[in-house]
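Here are my notes for a colleague opening this model for the first time. Please read them with the structure on screen.

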Amino acid sequence: MATEETPHHTADAPAARRRGRNAWIGVGHPRYKWVALTNTTLGILLATINSSIVLISLPGIFTGIRLDPLQPSNVSYLLWMLMGYMLVTAVLVVALGRLGDMWGRVRIYNAGFLIFTLTSVILSLDPFHGGGGALWLIGWRIVQAVGGAMLMANSAAILTDAFPARQRGMALGVNMVAGIAGSFLGLVLGGALVTWNWRSVFWVNVPIGLIGTVWAYKSLHETGVRTPGRMDWWGNLTFAVGLTALLAGITYGIQPYGGHTMGWTNPWVLAGLIGGVVVLAVFCAIEARVAEPMFPLRLFRNTAFAGGNAAALLGAIARGGLQFMLIIWLQGIWLPLHGYDYADTPLWAGIYMLPLTVGFLVAGPVSGYLSDRYGARLFAAAGFVVMAASFAGLLALPTDFGYRIFALLIFLNGLGGGLFAAPNTSMIMSSVPAGARGAASGMRATFQNAGMVLSMGVFFSLMVAGLSGSLPQTLTSGLTGQGVPAQAAHAVAELPPVGVLFAAFLGYNPVQNLLGHSILGHLPAANAAKLTGQEFFPHLISHPFHDGLVVVFSLAIAMSLAAAAASLIRGRVQEAPATTAGVSVPPPVAGISVPPPVAGAATSSGTAPALVGRVTDPSERPLARAALTLVDQRGHQTARARTREDGTGTLPLPQPGTYLLVVSAEGHQPRAVGLTIGDQPAFCEVTLAGATGPQGVAAALRLTVGRITRRLRQAHAVGDVSLSGVSVLARLSGGPDSPGALAELERVGPQVMASTLAGLQQRGLVSRTTEAADARQALVTITDAGRAVLDKRRSESVHRLTRALDEFTPQERRVLLDALPLLDRLAERL
């Protein structure tokens, strides 16, 4: 180190500062992955809680800003409060994931934590009332959604980088279940806080956000593959405009228009839907042509990636629709029938839905752990089958159900969602190269968030369609039976059913809102009390509502089964034996050079179509300098390349046809993969097993021993004695030696050794005799202080090894112990 030649007292302060910085767990620490898991789980939990905490708190928020959301002129405020956060996150997560690939995933993630915390403070300080207060909340919620999107887009990628393949499903399971559970925990938290003060819904984020922000900036480090590049501005613009127009059109399609119960004939809604689809088609055309797309469409050529995202989209639609329908069911029918006041129904709806959250929390980590051992596809598909069964059970329930069977069914639904979440995420993230994980994580989050927005449009529309058939007649007969004038009852019955749904959704008394004081005040007190009581409206709407539930849950069952089928899709790449069609795959031989890559194949940033291969070992670590050889059906080599540090290599795309990709790397068994190549860029990932011959074992052993040695030497470097100084002290512990002999042993020049010894002598760690005429022959002896430093460094090595071995199972430690005699035999023969 630079302080080695300086006096001891001047090195104390910098060394202390270095020790303070190193007090935080670094990337090389065996527990760093758990730090990454806990921090990203906190971030994703915070982001998803806020997607639903406002949902359940809307009655209190609108009361606090003195705005009636059911007035026709205010419905847009209500819709944007409901949908704005999810819409923005759906639009931005892909772009922010791509920025994470380019600029660093941890950097974007940390910025998201900071933005989220600051906007929580601003939201709680809303100074306006009425429409101005609503616009303040909507605007800053959109900014907060940018921070939430930064967290969502990069959390899964950070975990994929931090965890080995054997633990990745478990880690992603914890993270994803926390995210999904957060959307339901927000219902309980919002219901509890809003009864105290509506601003507390935003205050609760501030201390958690501050802790998470400081913790993230201090503890998270960039460990992934960063892919420098240019931002795809046209792709970002067309994607944002197209998706916003499409989702906004779906949002406004729920509103009545021109005498219709919904707004699907509204020219603006049609323009948003059609225009959004057209712009998204333009976006796809742009992405297929640009060199560095924000939405790498080539990833969808991997059918496992495409199937996983399709399953995530279908699952998000089914799950989001369930959330809205259960809230309306509980708040509008079941809770009032069981004696709960309408004003209290938001809180109790969240509490009674807790079994759903418990199901997620129970199944998620277990499913992630088991999918690491037995494969992800079956667990993901089984989760959707369980969800479909729970939807069928809910479909069979009466509207005034017994809570135990209801709790069991929603617990099963949560269990199915938990079974699916981790394996699905693991399938998606493990099917892409390391350099594209940020974009892949953003794409996954886009499908999930877009599915949540779509679910509101789809399920509300289906529910309104189911209600519109029987609700008008039911309302007319029920109201006239209580003395409401026929003209007033008919007018109320002709109102769009969406008003009834929104009133029940917000926890308002629907009849009181529909009739108003002008009609209720002219009725007998007993009739008015019955109309506004807790049983009249639930009994009135229960049969029409069940008609709507049949349509809604039938579609949810179909979507769940389709998602299960999509989860079973496998990749198209088929492995071939090591010798195929007369093509021999020779094992790598040490010392034999490999021809250089074909010109133009070494870069992936060019515009020419390419075949990209990624090579990893069984633990999914990238293998650099692996040889990629493309052979045609006649056995002729058509292209050759070497992989880079991230394990990827690029070959120029040959003529369409069937080829054999031969992959070999030092210390690993070669493999051949059969490929059918078209005229578009292609991607192939190959895992190489370790070789068992002497050369392969020697190469693998050299790499592993070298890695362990480097890690331990890094531990030695902590402090004010350099690595070379520690090495010299270790040699002198066996007895005195001369500077010249030490220089030869350390393979350094005499001047370098003289400088090292001068630094050690200055610290009192070595002493030199002066009897020899030649200074290079003077003996150097280690002092007691030097032995103390060396013992400390050795104890640090033992401590570091002990901490690392704590992460191993007893069986794994036994395997290492049994291998020590073989390593001793090997050392004797070297």
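1. **A buried alanine.** Start at Ala 381. With a relative accessibility of 8%, Ala 381 counts as buried, because buried means under 20%. The residue sits in helix H14. Please keep in mind that this is a predicted model.

2. **What Ala 381 touches.** Which residues are in contact with Ala 381, once neighbours within four places in sequence are left aside? They are Ala 564, Ser 567 and Leu 568. Ala 381 and Ser 560 are 179 residues apart along the chain, yet their C-alpha atoms are separated by 9.0 Å.

3. **The chain as a whole.** Now step back. The protein chain has 27 helices and 10 strands. It runs to 830 residues, and 51% of them count as buried. Take the contacts with a separation of 6 or more: 77% of them join residues 24 or more positions apart. The accessible surface is about 35400 Å². Carbon and sulfur atoms account for 63% of that surface.

4. **Aromatic pairs.** How many aromatic pairs are there? The count comes to 22. Take Trp 329 and Phe 401. Their ring centres are 5.3 Å apart and their planes stand at 90°, so this pair is edge-to-face. Trp 329 belongs to helix H11 (residues 303-337), while Phe 401 is in the loop between helix H14 (377-396) and helix H15 (403-430). The pair therefore ties together parts that are 72 residues apart in sequence. Trp 329 and Phe 401 are both buried.

5. **A further partner for Trp 329.** Trp 329 also forms an aromatic pair with Phe 406. Here the centres are 6.0 Å apart, with 80° between the planes, and the pair is edge-to-face. Phe 406 lies in helix H15, Trp 329 in helix H11, and the two are 77 residues apart. This pair, too, links distant parts of the chain. Both Trp 329 and Phe 406 are buried.

6. **The aromatic cluster.** Trp 329, Phe 401 and Phe 406 are among the members of one aromatic cluster. The cluster also includes Trp 334, Tyr 340, Trp 348, Tyr 352, Tyr 403 and Phe 545. Show these side chains together when you check the region.

7. **The salt bridge.** The structure holds one salt bridge. It is formed by Arg 614 and Glu 685, whose closest N and O atoms are 2.5 Å apart. Arg 614 is in strand S2 (residues 610-616) and Glu 685 in strand S8 (residues 682-687). The pair links distant parts of the chain, 71 residues apart. Are the two partners buried or partly exposed? Arg 614 has a relative accessible area of 2%, so it is buried. Glu 685 has 27%, so it is partly exposed.

8. **Two arginines with positive phi.** Most residues other than glycine have a negative phi. Arg 66 has a positive phi, near 60°. Its place is in the loop between helix H2 (32-64) and helix H3 (75-103). Arg 66 is exposed, with a relative accessible area of 64%. Arg 625 also has a positive phi, about 65°. This arginine lies in the loop between S2 and strand S3 (627-631). Its relative accessibility is 54%, so Arg 625 counts as exposed.

9. **A serine in a loop.** Ser 738 lies in the loop between helix H23 (723-732) and helix H24 (739-746). Is Ser 738 buried or exposed? At 9% relative accessibility, Ser 738 counts as buried. Its side chain reaches the backbone nitrogen of Ala 741 at 3.1 Å.

10. **A nonpolar surface patch.** Ile 708, Leu 801, Leu 805, Phe 808 and Leu 816 make a nonpolar patch of about 400 Å². Leu 801 is found in helix H26 (residues 784-806). With 39% relative accessibility, Leu 801 counts as partly exposed.

Technical notes. Residues numbered from 1 in each chain as written. Predicted model: local features only at pLDDT ≥ 70, side-chain atom pairs only at ≥ 80, totals over all residues. Heavy atoms only, no water. Patch = residues over 30% accessible without salt bridge, like charges linked within 9 Å, V, L, I, M, F, W, Y side chains within 5 Å. Areas by Shrake-Rupley, 256 points an atom, 1.4 Å probe, with all protein chains shown as cover. Salt bridge = Lys/Arg side-chain N within 4 Å of Asp/Glu carboxyl O. Helix = DSSP H or I, 4+ residues; strand = E, 2+ residues; numbered from the N terminus. Buried < 20%, exposed > 50% of the residue type's maximum accessible area, 1.4 Å probe, protein only. Phe/Tyr/Trp six-rings, centres within 6.5 Å; stacked < 30°, edge-to-face > 60°. Polar contact = N/O pair within 3.5 Å; in protein donor to acceptor, adjacent residues only side chain to side chain. Contact = heavy atoms within 4.5 Å.
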